[in-house]
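Hi everyone, thanks for coming. Let me put the sequence and the model up on the screen, and then we can walk through it together.

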Amino acid sequence: MRRITAADVVDVFAYTVVLGVFVQLFPAVITESFLVTLLTAVLLKLVLELVVALKTWAVARFRLATMSGERVLRAAVLLVVLPGSKFLVLEAIDLVFGDAVHLGGFLQVTVLIVALMLVRGAARLLLRNGRQDDGPDDRVGPARTGRPDAA
């Protein structure tokens, strides 16, 4: 089992914000409460991690294909995985939350997933850039006081 990282927590918070925005902007997207929105974000995180792993696997298998028939078959698998992931998200949400959450139809879920992935990428980019800025010169303590006797 994989450890939960700071990036995972940021993903869930970003997903929660995006879901909240979609609930406000699109009447077809409904969650009954903030807690349900937060739990939906956690479920989306889990499902989307699975989907991203599956898509990565499918693309890698497609690239490894050498014969044209094999490439066509693997491309077909990839074409099933791409829209199939949206149905997987819809079914998982329906199975866990029932009528408490409605993410709209296929189009709304597709736009939602694209928005989730864009915000996730932007948040991770911000985290990565923030971490690079925290070099030895950004420390607070005796080493930064400028006093010669400070260690």
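In helix α2, the buried residues are V36, T37, T40, A41, L43, L44, K45, V47, L48, V51 and A58. By buried I mean under 20% relative accessible area, with exposed being over 50% and partly exposed in between, using a 1.4 Å probe and protein chains only. Helices here are DSSP runs of H or I with at least four residues, strands are runs of E with at least two, and both are numbered from the N terminus.

A word on where this comes from: it is a predicted model, in which local features need pLDDT of at least 70 and side-chain atom pairs count only at pLDDT 80 or more, while totals for chains, interfaces and linings use all residues. Residues are numbered from 1 along each chain as its sequence is written, and side-chain values use heavy atoms, with hydrogens and water left out.

Back to α2. At 1.5 Å a residue, its 31 residues should span 45 Å, and the end C-alpha atoms are 44 Å apart, which agrees. The expected span is 1.5 Å times one less than the number of residues.

Now, which way does α2 run relative to α3? The axes of α2, residues 34-64, and α3, residues 68-97, come within 10 Å and cross at roughly 170 degrees. The two helices are therefore roughly antiparallel to each other. For the record, axes are lines fitted to C-alpha atoms, for helices over the stretch in contact, and angles run from 0 to 180 degrees between N-to-C directions. Under 35 degrees counts as roughly parallel, over 145 as roughly antiparallel, 65 to 115 as roughly perpendicular, and the rest as oblique.

The residues of that α2–α3 contact divide into 23 nonpolar, two polar and six charged. Nonpolar covers Ala, Val, Leu, Ile, Met, Phe, Trp, Tyr, Cys and Pro; charged covers Asp, Glu, Lys and Arg; the others, Gly among them, are polar.

Have a look at I93, which sits in α3. I93 is buried, with a relative accessible area of 3%. I93 and L44 are 49 residues apart along the chain, and their C-alpha atoms are separated by 8.1 Å.

On to α1, residues 6-25. This helix has 20 residues and reaches 29 Å from first C-alpha to last, close to the 28 Å expected. Its buried residues include D8, D11, Y15 and F22. V23 is also in α1, but V23 is partly exposed at 23% relative accessible area. From V23 to L103 is 80 residues in sequence and 8.6 Å in space, C-alpha to C-alpha.

What lines the largest pocket? There are 10 residues, of which R2, I4, D8, K45 and L46 lie nearest its centre. The largest share, four residues, comes from α2. The lining divides into five nonpolar, no polar and five charged. L46, in α2, is exposed, with a relative accessible area of 57%. L46 and D8 are 38 residues apart in sequence and 9.8 Å apart in space, C-alpha to C-alpha. On a 1 Å grid over the protein atoms alone, a pocket is an open set of points where a 1.4 Å probe fits, with protein on both sides within 12 Å along at least five of seven lines, and lining residues have an atom within 4 Å of a point.

Finally, the whole chain: four helices and two strands, running α-β-α-α-β-α from the N terminus.
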